[in-house]
Amino acid sequence: MKITLVSSCGLVLEQDGQTLLIDALNKQYRCYYGLPPETFVRMLSGEPPYDAVCGILFTHAHPDHYSASRTEQLRAACAAVVLPQPDTPERLNVQLGPFAVECSRFPHIPVPGLEEIAHAVYWISAAGKSVYVTADAQIDTTRHRAILRGRRADAAFWNGQYLSHPETRELLLEAAEKNFIYHIPVDEKDACGIRRKCERNMARFGADLPGVSLLEQYPSVL
């Protein structure tokens, strides 16, 4: 399985010639960088690896993770779009091409000034590899462990907040072979202070976090 970061929180998974998008159809929002317009043009044109998109997943509908207009434009090329709603079941299992997708409802971390919104995390497996995507999941190690059920992913993606607490740093080591802190601003001014906080936490705790790294911009990671 190949995984590529295409925006601050947008992931592209490739397996057996098919592609799955996760929070990839977003736009610039506050300090978070969105999917570049040229990449979206490639998606619309069906250029590889976007010539066989088998599914579009979203963790939630905040604009730094989701664009309704971009989703509608790409929907014609894809049979399945999963966006959590208030009535989405607590657990939802779907098969999208070679990807077995487990969608689990999980509260969004509380944000002052923003209303509560339907949010989910994903366990995705294909060809013997597995990925855990948590986006803006609230700090709740008990709930994560219930979803993981003792499983260990090949790769997991976490918000920077998960570096700030002893219990969540311990969770990272349990959850995956490789853990990536993503959804990190790349603006050098870093007005939100998120990148600086992530870098400070890695400098302080990184020696005790083997397999954990910051994922800032556009690399393939698995």
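I'm calling a residue buried when its relative accessible area is under 20%. With that cut-off, Met-1 of this predicted model counts as buried, because its relative accessible area is 17%. I found Met-1 in the segment before strand 1 (2-5). I also checked its separation from Glu-115, which sits 114 residues away along the chain: their C-alpha atoms are 36 Å apart.

**Helix 5**

I looked at helix 5 next, residues 194-205. Its twelve residues reach 16 Å from first C-alpha to last, close to the 16 Å expected at 1.5 Å a residue. I listed its buried residues as Arg-195, Cys-198, Asn-201, Met-202 and Phe-205. They cover an arc of only 130° around the axis, so they lie on the same side of helix 5. Turned away from the buried side, I noted the exposed residues Arg-200, Ala-203 and Arg-204. What covers the buried ones? I found that the cover includes helix 4 (166-175), strand 11 (176-181) and strand 12 (212-214).

**Helix 4 and helix 3**

Then I looked at how helix 3 (residues 141-148) meets helix 4: the angle is about 10° and the axes are 10 Å apart. An angle under 35 degrees counts as roughly parallel, so I put helix 3 and helix 4 down as roughly parallel to each other. On the helix 3 side, I have Thr-141, His-144, Arg-145 and Leu-148 making the contact; on the helix 4 side, Glu-167, Thr-168, Glu-170, Leu-171, Glu-174 and Ala-175. By class, I get three nonpolar, three polar and four charged residues in this contact.

Most residues other than glycine have a negative phi, and most peptide bonds are trans. I noted some exceptions here.

Pro-48 and Pro-49 are joined by a cis peptide bond, with omega about 5°. I placed Pro-49 in the loop between helix 1 (37-45) and strand 4 (53-57).

Asp-16 is not a glycine, yet its phi is positive, about 50°. I found Asp-16 in the loop between strand 2 (11-15) and strand 3 (18-22).

Ala-135 also has a positive phi, near 50°, and lies in the loop between strand 9 (129-133) and helix 3.

Are these two buried or exposed? Asp-16 is exposed at a relative accessible area of 60%, whereas Ala-135 is buried at 1%.

Technical notes. Residues numbered from 1 in each chain as written. Predicted model: local features only at pLDDT ≥ 70, side-chain atom pairs only at ≥ 80, totals over all residues. Heavy atoms only, no water. Helix = DSSP H or I, 4+ residues; strand = E, 2+ residues; numbered from the N terminus. Expected span 1.5 Å × (residues − 1). Buried < 20%, exposed > 50% of the residue type's maximum accessible area, 1.4 Å probe, protein only. Arc of directions from axis to C-beta. Contact = heavy atoms within 4.5 Å. Axes fitted to C-alpha atoms, helices over the stretch in contact; angles between N-to-C directions. Parallel < 35°, antiparallel > 145°, perpendicular 65-115°, else oblique. Nonpolar A, V, L, I, M, F, W, Y, C, P; charged D, E, K, R; others polar.
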